[in-house]
Amino acid sequence: MSAVLAKTAVKSTLRRAPSTPCASVRCRHTCARGASPAAPSSPPAPMVPRARLTLAHVTRASNANVVPVEGEGEGEDSSESKDEQQPPPVPLRAWLVLACLLACSVTNQWDRALFSYLYAIPTDGLTADAAAFISIGADLQLTTTQYGILSGLAFTVLYATAGLYAGRLADSFDRRALVAGGCFLWSGATALFATVHSFPGALFARTGLGLFESLSAPASFSLIAQYFDDKTRGRANSIFSLGIYLGGALASLSQILAKDTGLGWRGTYAALAVVGCGVAVITLGVVKEPARLTSGGAKDQKDGETTSDESLFGSVKEILKPTAAKVLFLASGVRYMAGYTLGAFLPVYYRTAFPDYGTQFSVYNALIVGGCGLTSALLGGAIADRLAAGGGARSRALVPAFGAFTGAGFLFLALTTDNFVLSMVFLGLEYICAENWFGPTLSLLQGLVPQNRQGTASSLFLFVGAILGSSGPLILGLVLDSLGTAGTAEGIRGGLLAASGGAYLLCSLGFGTLYNVLGNDNDKEKPSSLPS
């Protein structure tokens with residue numbers, strides 16, 4: 001009888017001992033702490049109160065591909081595989097926050113791109129006064145070099161530099177206030193631009209626009225990284241990136257707004273300022289600042305541990321420590337160069353090459369930028385998440401690599417055909433292929449840095465992209481002016497093929513290299529981890 005009682009006591013103790021994951025991250029089975037079922041002769045383990053499972057434990061376990069379990073290990077394999085196939089639904093609050101961030105991004109991009117479209121608006125057959133009423137270029141009498149400065153460098157100098165400090169603010173300050181407050185301020189800069197009458201005044205207003213728009217993106221990316229887990233973050237980032245294409249589409253349609261509604265270019269700027277203020281009010285009322293997580297994506301970051309250098313330089317140094325991060329920033333910067341150059345000079349090219357299709361270009365281009373860009377961004381995020389689920393997080397790098405390579409080919413076809421409709425078809429295919437890169441790239445970056453560096457990492461990403469990207473329009477403007485080909489379709493076509501087409505090919509090579517770097521065994525041992 002005593003032997004039976006002893007055996008019963010051992011079984012009872014084993015059942016009540018807390019269940020913990022094995023030491024190996026490859027093993028998903030649980031075993032009892034301090035007790036072994038195979039050794040009944042060992043003394044029974046003491047009863048220990050069950051440890052409380054916290055959000056930090058869940059976050060670290062998710063990043064390490066280990067599912068924390070509070071119960072017995074029986075039937076665990078089937079339940080875990082089901083959880084992996086069907087991740088928990090994203091709360092409605094997260095989607096509402098994403099919608100507000102997207103609305104701010106749309107006005108941000110609309111403000112930014114509006115200058116290029118209202119500069120390139122066709123004025124053939126109009127009197128000088130009528131042309132000045134609808135066209136920034138005709139009104140301010142800008143040279144091609146001045147246009148290159150205003151469309152690129154004037155905006156991005158403060159945008160990129162201030163963005164680094166905006167990222168630091170996003171890591172410690174109320175991110176909702178940064179996004180909504182930035183929207184108010186850049187709307188004010190947009191209203192100011194409606195009053196300028198010279199190049200210096202336009203330079204001041206564009207510089208202010210860049211400064212205030214820098215406040216939004218790092219805080220938005222940081223909020224997305226916290227509201228969405230690693231299984232849905234790619235799609236969330238892709239949805240947020242739709243602001244680029246929706247804002248660009250609205251900027252293209254603004255040519256019709258300025259020309260056919262009687263607003264003129266100044267009235268169009270003033271109307272956009274009012275829209276931006278309304279979006280800021282809605283964002284301030286809907287978005288809530290969540291409690292920040294104390295642990296991030298880095299594997300070696302323990303509870304209560306902080307980095308040794310909290311300065312901006314120290315944060316940047318930590319972010320750029322992995323080889324993969326260096327490659328990602330370089331490839332993204334080159335991709336920005338292609339996009340900035342196309343955004344600045346593509347409307348000028350079509351105005352010059354197809355002067356009789358001004359209104360048609362505004363409509364078709366809006367459909368291409370909005371529809372094809374939106375489709376590409378959504379497909380890019382969904383495909384990247386699917387590839388990551390089957391082949392690891394590094395597979396996300398294949399999406400921008402393939403997209404940039406095929407986009408270069410369709411860009412060549414769009415710029416070399418003499419048929420306007422066919423050129424628009426090829427341009428749409430170029431957008432579908434090439435604009436899939438943003439969501440997958442941000443997801444890779446967010447997996448390379450810890451939670452308390454997300455804002456700084458996002459701002460550094462935008463800084464590198466803005467500096468390299470803005471150099472494209474500036475260099476191309478200087479080259480076209482020096483060669484005397486700024487007013488010819490052939491000159492602009494050659495410049496776009498060399499600058500944007502070449503950048504696409506280099507970008508494809510860069511993301512292909514990133515895929516290989518992330519597959520290197522030594523790189524896997526870096527202190528940061530990728531979401532899978």
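Salt bridges and their surroundings

Modeller: Let's start with Asp139 and Arg266, whose side chains form a salt bridge with N and O 3.0 Å apart; the term stands for a side-chain nitrogen of Lys or Arg within 4 Å of a carboxyl oxygen of Asp or Glu. Asp139 belongs to helix 6 (residues 136-140) and Arg266 to helix 12 (residues 264-286), so this pair ties together parts that are 127 residues apart in sequence. Helices here are DSSP runs of H or I with at least four residues, strands are runs of E with at least two, and both are numbered from the N terminus.

Before going on, a word on the basis: this is a predicted model, where local features need pLDDT of at least 70 and side-chain atom pairs count only at pLDDT 80 or more, while totals for chains, interfaces and linings use all residues. Residues are numbered from 1 along each chain as its sequence is written, and side-chain values use heavy atoms, leaving out hydrogens and water.

With a 1.4 Å probe and protein chains only, buried means under 20% relative accessible area, exposed means over 50%, and partly exposed lies in between.

The structure holds 7 salt bridges. Another of them joins Arg235 to Asp385, with the closest N and O atoms 3.2 Å apart. Arg235 sits in helix 11 (residues 233-260) and Asp385 in helix 15 (residues 358-391), so the two tie together parts 150 residues apart in sequence. Arg235 is partly exposed, with a relative accessible area of 39%, whereas Asp385 is buried at 9%.

Next comes Glu318 with Arg453, a salt bridge whose closest N and O atoms are 3.2 Å apart. Glu318 is in helix 13 (residues 312-319), while Arg453 is in the loop between helix 18 (438-448) and helix 19 (454-483), which puts the partners 135 residues apart in distant parts of the chain.

Now for the nonpolar side. Ile136 is among the residues with the most contacts inside the largest nonpolar core, which has 124 residues; such a core is a set of buried Ala, Val, Leu, Ile, Met, Phe, Trp, Tyr and Cys residues joined through side-chain atoms within 4.5 Å. Helix 14 gives the most to this core, with 17 residues. Setting aside residues up to four places away in sequence, Ile136 touches several residues, including Phe115, Leu118, Trp265 and Tyr269; contact means heavy atoms within 4.5 Å.

Helix 14 (residues 323-353) also holds Ser332, which is buried at 1% relative accessibility. Beyond residues up to four places away in sequence, Ser332 touches Trp437, Thr441, Phe461 and Phe511. Phe461 in turn is one of the residues with the most contacts inside the largest core.

One last stop is Asn436, in the loop between helix 17 (420-434) and helix 18. Asn436 is buried at 10% relative accessible area, and its side chain reaches the backbone oxygen of Cys433 at 3.1 Å. Leaving aside neighbours within four places in sequence, the contacts of Asn436 include Ser376, Gly380 and Pro400.

Technical notes:
Polar contact = N/O pair within 3.5 Å; in protein donor to acceptor, adjacent residues only side chain to side chain.
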